[in-house]
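The following note sets out numbered points for the reader of this model. Please consider them alongside the sequence and coordinates.

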Amino acid sequence: MSSSTSSTAPSALYGGVSGRRVTVRDLAAAKERGERWPMVTAYDAMTARVFDQAGIPVMLVGDSAAMVVYGYESTLPVTVDDLLPLTAAVVRGSSRALVVADLPFGSYQGSPQQALESAARFMKEAGAHAVKLEGGRRVLPQVETLVSAGIPVMAHLGLTPQSVNVLGGYRVQGRGQSGDELMSDAKDLERAGAFSVVLECVPADLAQRVTTSLAIPTIGIGAGPSTDAQVLVWQDLMGLTPRPAKFVKQYADLAGEMDRAVREFAADVTSGAFPAPEHSYS
Ligand code: KIV
């Protein structure tokens, strides 16, 4: 087998689980086998269908919807009621991926009971298979309560955008001594029952140490190449975001292609070239 074939061949998790949804057990097994996997965000049924058919094993209905769907400047304004219909659409548009719902700012920090009520809505009303929440030691009671209620929890450390006002901006986290705190938060979250942890905007060597120290998968975004999985916001990876962060690789120029197509449509409408006879009913 040539090296180019082996690098594009699907692993047992990516593209390999068929006829059923991916589960958190599949993700744990992938970590044991040393397999890497991709995760993307999704916010609607048609996009979810494309990613699902491509074999993406995990989709996140991120609170990044606040910015990329609703047009806010940060993730803070989005609510459970805003995210529920998007999550339901992604579940309906997919048949194979594990769908993770992000708990938005203000929907879980108050108490474990508040977290349970919010998470239960995503599971019951939208059909989510897991939830994600941001933070380390301060959310351990929330993680324990959700897990003991049967709700799989994805944790999120490093740059936690819901805390942007405390962090003083969207900047790299975990440099120097704060890396030790992040490591200890990651271990505490694993002990509390989280099934995975997102590491956002942290130095690559710290992400590598966390990944080798944990039995649960780490999912990197701006965390270097050593995490078990990688996640990107789909508008970033497809080239819809005007000024993407340094950690983004754009795999398409969707903004350019959409601009070309809509200008061509407009020109055809103004010239009368569209609709042609084949687009008209007799
Ligand atoms: O909301 C989101 O899209 C996220 C990912 C960037 C991890 O939290």
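Predicted model: local features only at pLDDT ≥ 70, side-chain atom pairs only at ≥ 80, totals over all residues.

1. A polar side-chain atom of D102 lies 3.1 Å from an oxygen atom of the ligand, a polar contact being a pair of N or O atoms within 3.5 Å; within protein, one must be able to donate a hydrogen and the other to accept it, and residues adjacent in sequence count only if both atoms are side-chain atoms.

2. Residues are numbered from 1 along each chain as its sequence is written, and side-chain values use heavy atoms, with hydrogens and water left out.

3. Which residues surround the ligand? They are T41, L60, G62, D63, S64, D102, K132, H156, I221 and V233, a residue being near a molecule if one of its heavy atoms lies within 4 Å of it.

4. Helix α5 (residues 80-92) packs on α6 at an angle of about 30°, the axes being 9 Å apart. Axes are lines fitted to C-alpha atoms, for helices over the stretch in contact, and angles run from 0 to 180 degrees between N-to-C directions. Therefore α5 is roughly parallel to α6 (angles under 35 degrees count as roughly parallel, over 145 as roughly antiparallel, 65 to 115 as roughly perpendicular and the rest as oblique). The contact (heavy atoms within 4.5 Å) involves V80, D81, L83, L84, T87 and A88 of α5 with S118, R121, F122 and E125 of α6. By class, it has five nonpolar, two polar and three charged residues.

5. Helix α6 (residues 112-125) also packs against helix α7 (residues 140-148), at an angle of about 45° and with the axes 8 Å apart. This angle makes α6 oblique to α7. On the α6 side the contact is made by P112, A115, L116 and A119, and on the α7 side by P141, Q142, T145 and L146. These residues divide into six nonpolar, two polar and no charged.

6. Two backbone features deserve a check. The peptide bond from F274 to P275 is cis, with omega near 0°, and P275 is placed in the segment after α12 (254-271). C201, in the loop between β6 (196-200) and α10 (204-213), has phi near 50°, a positive value in a residue other than glycine. Helices (H or I, at least four residues) and strands (E, at least two) are DSSP runs, numbered from the N terminus.

Methods. Nonpolar A, V, L, I, M, F, W, Y, C, P; charged D, E, K, R; others polar.
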